[in-house]
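Welcome, and please open your viewer with the chain in cartoon view. We will go from one selection to the next, with a short note at each stop.

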Amino acid sequence: MVSDPDKKSTRSRKTGHGRKSENAIILVDIDSIRPCPENDLIYTIDPESPENKRLQADIAERGIVEPIVVSRDDVGIIISGHRRYAAACRAGLTKVPVRYYDIKREDDLDAFVELLVTFNRDQREKTFDEKLREEATRHNPCEAHLTLLEERNKPREIAEPFIIEGIKTRSEISPAKKPMLDTLFQVLEDNITPMTVRQIHYQFMNDPPLRHASKPGSWYRNKLCDYKNLVDLVARARIAGLISMQDIIDETRPFKSWSAFRNSGDFINRHMQNFLNGYWRNLQQSQPDHIEILAEKNTIYSTVNQIAQEYCIPTTSLRGYGSIYPRYEMTQRYFRSGKEKLIILIVSDFDPDGEEIAQSFARSLRDEFEIENIHPIKVALTYDHIKRFNLVPNMEAKKTSSQYQKFYDRYGTDDVFEVEALRPAQLQMLLEEAIDSVMDLDLFNQELEQEKTDAADIEAYRETILKYIRDYRNEESN
């Protein structure tokens with residue numbers, strides 16, 4: 001044990017030639033060493049804390065057991081032992097044991113600070129802000145920025161802009177289009193938005209307006225020219241502000257942007273706002289069966305997804321028959337669930353291909369991916385739905401289709417219907433009915449109740465951490 005000068009230490013010694021050995025422990029005047037200025041920027045010493053009061057009492061009674069590590073500057077700069085030094089000063093010690101480390105702060109400040117953190121990293125449990133400042137000393141701003149840049153795409157050469165030719169003009173909506181415009185307003189009012197133009201088209205088919213107010217008999221038809229007329233009307237109505245831009249969606253034209261920030265403060269504030277937000281409890285985890293939803297095309301994906309997210313059910317959009325990979329992913333989710341039965345709720349058109357898509361997908365999972373206990377259900381669109389909702393035929397089935405004869409033999413009709421013929425609310429109602437019929441609703445409601453408890457736990461934890469961070473940032477700004 002090394003103590004104060006009144007309690008002589010047998011370990012205290014000096015080496016010859018005026019050079020202090022790095023391993024030597026010697027007693028020096030406490031005034032001959034001083035704290036490192038950078039230490040106060042990283043660590044906090046509260047003399048009134050219970051831990052530091054105990055240390056002061058122990059040093060007053062027994063002296064300093066573990067020597068203070070200092071640099072070889074003319075006035076030794078403390079590398080390790082700031083708390084012991086502070087306690088020794090308060091205890092009234094005039095000499096303290098030190099061990100010299102072969103480094104000078106004045107020669108290489110960065111290396112000195114790195115050594116300071118290395119000595120102090122594992123000595124005691126640090127506060128959150130101390131750990132944060134410790135970590136900051138390990139990251140050079142230039143190197144950190146280079147790492148940031150490496151994570152982005154490599155810069156591209158700026159292409160030469162072309163000259164914009166001509167002037168884009170779009171005619172105003174004339175009084176002749178009032179019947180179609182009124183029908184458009186009514187469709188958007190009666191249905192869940194956003195809607196695709198294709199969904200609006202099929203709602204027009206249920207109660208066709210005149211395409212031209214002064215031309216009797218110019219009823220809206222299921223023709224390409226009429227559909228293009230509707231597309232143009234919707235575009236002009238949006239530009240004129242007659243309907244909201246957000247009322248219309250096009251699932252076939254994806255968009256991607258990148259989150260960029262003015263500075264690090266904006267970035268921190270954004271993530272503080274989003275910290276621990278967006279929790280989703282797996283509401284399906286206690287269900288006896290694994291349930292998935294399969295949509296034939298992107299145009300109904302958002303409508304279907306609004307219901308799927310309420311139940312936390314995975315949803316796949318095929319865009320036709322689909323490739324092998326979506327089938328593989330579904331099988332992997334099913335196998336990971338560990339459940340015995342796979343239930344697939346399928347939403348597709350009522351036409352030869354729509355019927356076959358449902359069959360083909362289920363058959364592939366059974367025969368190619370070896371899922372024996374598979375239970376496919378055609379949620380929509382079915383022949384019963386056509387009669388139930390009194391839907392208007394879209395067109396006739398193509399006799400050239402390889403599935404035509406099977407379709408005709410089964411239903412005895414050439415009429416075909418796309419799933420968009422249903423109103424979004426009708427489609428969602430059918431999907432909810434199907435989900436409720438295959439789920440254990442008692443277990444589902446128990447998961448919902450537990451999600452409320454989870455939300456309260458997360459919010460409490462979130463507020464505690466954010467308060468800690470806000471207090472730290474306020475101290476830094478002051």
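Stop 1: Select helix H7 (178-190) and helix H8 (197-206): they are among what covers the buried residues of H9. Helices here are DSSP runs of H or I with at least four residues, strands are runs of E with at least two, and both are numbered from the N terminus. Before you go on, note that this is a predicted model, in which local features need pLDDT of at least 70 and side-chain atom pairs count only at pLDDT 80 or more, while totals for chains, interfaces and linings use all residues. Residues are numbered from 1 along each chain as its sequence is written, and side-chain values use heavy atoms, with hydrogens and water left out.

Now colour H9 itself. Which of its residues are buried? They are Asp 226, Leu 230, Leu 233, Val 234, Arg 236 and Ala 237. These residues lie on the same side of H9, because they cover an arc of only 165° around the axis, the arc being that of the directions from the helix axis to the C-beta atoms. Buried means under 20% relative accessible area, exposed over 50%, and partly exposed in between, with a 1.4 Å probe and protein chains only.

Just after H9, select Gly 241, where phi is positive, about 80°.

**Stop 2: two cis peptide bonds.** Go to the loop between H7 and H8, where Pro 194 sits. The bond leading from Thr 193 to Pro 194 is cis, with omega near 5°. Next, jump to the loop between strand E9 (374-380) and helix H14 (383-388) to find Leu 381. Here the peptide bond from Ala 380 to Leu 381 is cis, with omega near 5°.

**Stop 3: two positive phi values.** Select Glu 370, in the loop between helix H13 (352-367) and E9. Glu 370 is not a glycine, yet has a positive phi of about 60°. Is Glu 370 buried or exposed? Its relative accessible area is 63%, so Glu 370 is exposed.

Then move to Asn 390, in the loop between H14 and strand E10 (395-396). Asn 390, also a residue other than glycine, has a positive phi near 55°, and counts as exposed at 64% relative accessibility.

**Last stop: the whole chain.** Zoom out to see 17 helices and 11 strands. Of the 478 residues in the chain, 39% are buried.

Note on methods. Contact = heavy atoms within 4.5 Å.
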